[in-house]
Structure formats: C-alpha cells, structure tokens
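Thanks for making the time this morning. I would like to walk you through one model, going from the overall fold to a few individual side chains, so please have the picture in view.

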Amino acid sequence: MTKRFREPVEVLETRRDARGADGFVPVAFRWRGRIHHVNGVLGHWREDARWWVGGGVTVPQRDLWRLEIVGGNPIVCELVQEDGSWRVDRIWD
C-alpha cells in the first residue's frame, strides 16, 4: 500500500551518484523528528520542464528518488528534490 505525504524533509547527508547522473543521492534524512538512513536506491529519474514546452503546462525540473530505508521492516519511500528543497512524496509499507 502507498501513502502520499508531500511533506518537507531535511536531508542530512548525500553522496555523489555513482551512476554518473548529475546530482547527489540522499543517504540520511530527518522527517517528522526521526532520522532515516537509506539502505539502497531502487530508482532515480528526472522530470524535466523542457519536455513539457509547448504543452501549456508549467512543470519545474525535479529529481525523484525511490529509496529503501532502514527500519524494523524495509520501507520504500520516494523523496523529491525541487528548487533546492527536499520532500517525502510517498511511502510504501
């Protein structure tokens, strides 16, 4: 099951993306007062505003990271980076 949150998070640590993508992979972040550590990257993609040019839709560029975070049971979350800020977009449990 997935739940949508769209809440801001504070990314505490990143590392350079080893796959050569321009950007940084979140390694640890604080959300709702708890620190979460990333166990693995399940996916990364970029929504690029240039793709939408001429379609009448304004979409800012954003990077989306689907991550497995460490916990009692593995949890999958999606973090979004847009305009220099981060947010939790959704959680799968």
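What you see here is a predicted model, and in it 6 strands form a closed barrel, in the order β1-β2-β3-β4-β5-β6, with antiparallel pairing. If we ignore direction, neighbouring strands of this sheet are turned against each other by 40 degrees on average. As a reminder, strands of a sheet pair through backbone hydrogen bonds, and they may do so either parallel or antiparallel.

Let me take one pairing in detail. Strand β5, covering residues 75-82, runs antiparallel to strand β6, covering residues 85-92, and the two are joined by 7 bridges. Within this part of the sheet, Leu79 stands opposite Val88 in β6.

Those two residues come back when we turn to the interior. The largest nonpolar core has 13 residues, and the members that touch the most others are Val9, Phe29, Trp31, Leu67, Cys77, Leu79 and Val88. Two or more residues of this core come from each of β2 (24-31), β4 (62-69), β5 and β6.

Now to the aromatic rings, where the count comes to 1 pair. The ring centres of Phe5 and Trp31 lie 5.1 Å apart, and their planes stand at 75 degrees, which is over the 60 degrees required, so this pair is classed as edge-to-face. The pair links distant parts of the chain, since Phe5 sits in strand β1 (residues 2-16) and Trp31 in strand β2, 26 residues apart. Trp31 counts as buried because its relative accessibility is 11%, under the 20% limit, whereas Phe5, at 23%, counts as partly exposed.

Finally, let us stay with strand β1, which also holds Lys3. Is Lys3 buried or partly exposed? At 39% relative accessibility, Lys3 counts as partly exposed. Leaving aside its neighbours within four places in sequence, Lys3 is in contact with Asp89, Arg90, Ile91 and Asp93. For one of these, Arg90, the separation from Lys3 is 87 residues in sequence, yet the C-alpha to C-alpha distance is 5.4 Å.

Methods. Residues are numbered from 1 along each chain as its sequence is written. This is a predicted model: local features need pLDDT of at least 70, side-chain atom pairs count only at pLDDT 80 or more; totals for chains, interfaces and linings use all residues. Side-chain values use heavy atoms; hydrogens and water are left out. Two strands pair if DSSP finds at least two bridges between them. Helices (H or I, at least four residues) and strands (E, at least two) are DSSP runs, numbered from the N terminus. Axes are lines fitted to C-alpha atoms, for helices over the stretch in contact, and angles run from 0 to 180 degrees between N-to-C directions. A nonpolar core is a set of buried Ala, Val, Leu, Ile, Met, Phe, Trp, Tyr and Cys residues joined through side-chain atoms within 4.5 Å. Buried means under 20% relative accessible area, exposed over 50%, partly exposed in between (1.4 Å probe, protein chains only). Rings of Phe, Tyr and Trp (its six-membered ring) pair if their centres lie within 6.5 Å; planes under 30 degrees apart count as stacked, over 60 as edge-to-face and the rest as tilted. Contact means heavy atoms within 4.5 Å.
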